[in-house]
Amino acid sequence: MTEFVNEVKQIPYNDDQIFAMLSDLSNFERVKDRIPQDKIKEFTFDSDSCSLAVDPVGTITFEIVEREPNKTIKFTTTNSPVPLHLWIQLKQVAELDTRMKLTVRADLNPFLKPMVSKPLQDAIDKISTILAGLPY
């Protein structure tokens with residue numbers, strides 16, 4: 001497994017507000033206009049899963065497999081060219097100051113790893129920036 005981690009992001013909200021939003025993916029309805037349409041297409045979601053089309057990869061579906069209130073949300077892919085596991089970790093350090101870290105573990109074969117490592121790291125960084133900027 002290859003691991004990708006973003007730079008820890010500071011979010012000016014309490015962990016319970018952030019967790020409430022991110023642990024129910026249907027909440028993305030109110031912020032889907034913030035998602036860059038040139039990068040992500042066909043974004044659909046319900047409370048436990050989301051699907052998106054990413055060029056040139058194709059459609060990827062993430063499903064929440066575990067929720068630890070105010071701390072962790074774990075996802076796995078159910079439709080992806082490469083098996084992925086994603087964790088969103090939250091840690092409140094003060095009132096209106098929560099730190100967020102995204103970790104992705106991907107089962108990459110040695111041939112694929114050099115080709116997808118940089119785009120995957122870039123995607124994780126962009127996703128974390130978008131999540132950190134949401135109005136919780």
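These are my notebook entries on a predicted model of one protein chain.

**Entry 1: ground rules**

I number residues from 1 along each chain as its sequence is written. Because the model is predicted, I take local features only at pLDDT of at least 70 and side-chain atom pairs only at pLDDT 80 or more, while totals for chains, interfaces and linings use all residues, and side-chain values rest on heavy atoms, with hydrogens and water left out.

**Entry 2: the whole chain**

I looked up the elements and found two helices and eight strands. Helices here are DSSP runs of H or I with at least four residues, strands are runs of E with at least two, and both are numbered from the N terminus. Along the sequence I read the pattern β-β-α-β-β-β-β-β-β-α.

I then looked up the dimensions. The radius of gyration of the protein chain is 14 Å, which agrees with the value near 14 Å for a compact globule of 136 residues. That radius is taken over C-alpha atoms, and the globule rule is 2.2 Å times the number of residues to the power 0.38. The C-alpha trace spans about 45 × 25 × 25 Å along its principal axes.

For burial, I noted that 39% of the 136 residues count as buried. Buried means under 20% relative accessible area, exposed means over 50%, and partly exposed lies in between (1.4 Å probe, protein chains only). The chain exposes about 7,700 Å², and carbon and sulfur atoms supply 53% of that area. Accessible areas come from the Shrake-Rupley method with a 1.4 Å probe, and for residues only the protein chains shown count as cover.

I also looked at contacts, meaning heavy atoms within 4.5 Å. Of those between residues at least 6 apart in sequence, 48% join residues at least 24 apart.

I followed the strands in order, counting two as paired if DSSP finds at least two bridges between them. Strand β4 (residues 49–54) runs antiparallel to strand β5 (residues 58–68), with six bridges joining them. One bridge I looked up links Ser51 to Thr61 in β5.

Next, β5 pairs with strand β6 (residues 72–79) in the antiparallel sense over seven bridges. Glu63 has Thr76 of β6 as its bridge partner. Three residues lie between the strands of this hairpin, where Asn70 takes a positive phi near 65°.

β6 in turn pairs with strand β7 (residues 84–94), antiparallel, over five bridges. The hairpin between β6 and β7 passes through four residues. Here Lys74 has Trp87 in β7 as its bridge partner.

Last, I found ten bridges between β7 and strand β8 (residues 97–106), again in the antiparallel sense. Leu84 is bridged to Ala106 in β8. Two residues separate the strands of this hairpin, and Leu96 in the turn has a positive phi of about 60°.

I looked up Thr2 and Val5, which lie in strand β1. Thr2 counts as buried because its relative accessibility is 12%. Leaving out residues up to four places away in sequence, Thr2 touches Val104, Arg105, Ala106, Leu108 and Lys113.

Is Val5 buried or partly exposed? Val5 has a relative accessible area of 32%, so I put it down as partly exposed. With the neighbours up to four places away left out, Val5 touches Lys101, Leu102, Thr103 and Gln121. The C-alpha atoms of Val5 and Val104 are 6.4 Å apart, although 99 residues separate the two along the chain.
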